[in-house]
Amino acid sequence: MSFSDKLIRGLKAGYNEFKKPDSFVKGEAFEKYARKFTFPLDKFVLEHRSHDYNDNKDDYIKTSLAPDFIFTSKKSKKQFSVEIKFRSSYYRGAIEWCKEFQFKRYKEFDKKLPGFVLLGVEGNAINPENIYLFPIRKIKYSKLFKSVLDEYEID
């Protein structure tokens, strides 16, 4: 590949990153945080990871409907899925952590494989102030009050 081809590819990648919606930038940053601190390589095998914004923007990949991650615990050998969400703030003491149509999809997937949600709230996506990990099967709504989330807060 010539220098000019590499330069064009680099400029295109930079442009795509610049045009990426802020919500996707935050989501991808929190996914990296989750992989490093909550589900580290030395304890969890990554079996699946959903495609990112750039992969899906021109030709949506249907497997992206699966949860963000599927892991196997190295200790217990059990497999589970994790949906990763970051929200900048609470609104009237609650968080809409997903849309209703997504919640239904997560509930269906949870029937096949135990599912969890890792939710970061406030601060920034690379260092959230509050982090919650809750099992999808115990949650009844796509909007949760902070008092409910407090039961699932992790360090």
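Student: Leaving aside neighbours within four places in sequence, which residues is W97 in contact with?
Tutor: W97 is in contact (heavy atoms within 4.5 Å) with K85, R87, F103, Y106, V117, L119, F134, I139, Y141, S142, K143 and L144. This is a predicted model, in which local features need pLDDT of at least 70, side-chain atom pairs count only at pLDDT 80 or more, and totals for chains, interfaces and linings use all residues. Residues are numbered from 1 along each chain as its sequence is written, and side-chain values use heavy atoms, without hydrogens and water.

Student: How many residues are in the largest nonpolar core?
Tutor: That core has 16 residues, and W97 is one of those with the most contacts inside it. A nonpolar core is a set of buried (under 20% relative accessible area, 1.4 Å probe, protein chains only) Ala, Val, Leu, Ile, Met, Phe, Trp, Tyr and Cys residues joined through side-chain atoms within 4.5 Å.

Student: Which elements each supply at least two residues of this core?
Tutor: They are α4 (100-112), β5 (115-124) and β6 (127-135); helices (H or I, at least four residues) and strands (E, at least two) are DSSP runs, numbered from the N terminus.

Student: On to D68: where does it lie?
Tutor: D68 lies in the loop between α3 (53-56) and β2 (69-73). The D68 side chain reaches the backbone nitrogen of I84 at 2.7 Å.

Student: And what does D68 touch beyond four places away in sequence?
Tutor: D68 touches E31, H48, R49, S50, V82, E83 and I84.

Student: What is the bridge partner of E83 in β5?
Tutor: The partner of E83 is V117. Strand β3 (residues 79-87) runs parallel to β5, joined by 7 bridges.

Technical notes:
Buried < 20%, exposed > 50% of the residue type's maximum accessible area, 1.4 Å probe, protein only. Polar contact = N/O pair within 3.5 Å; in protein donor to acceptor, adjacent residues only side chain to side chain. Pairing = 2+ DSSP bridges.
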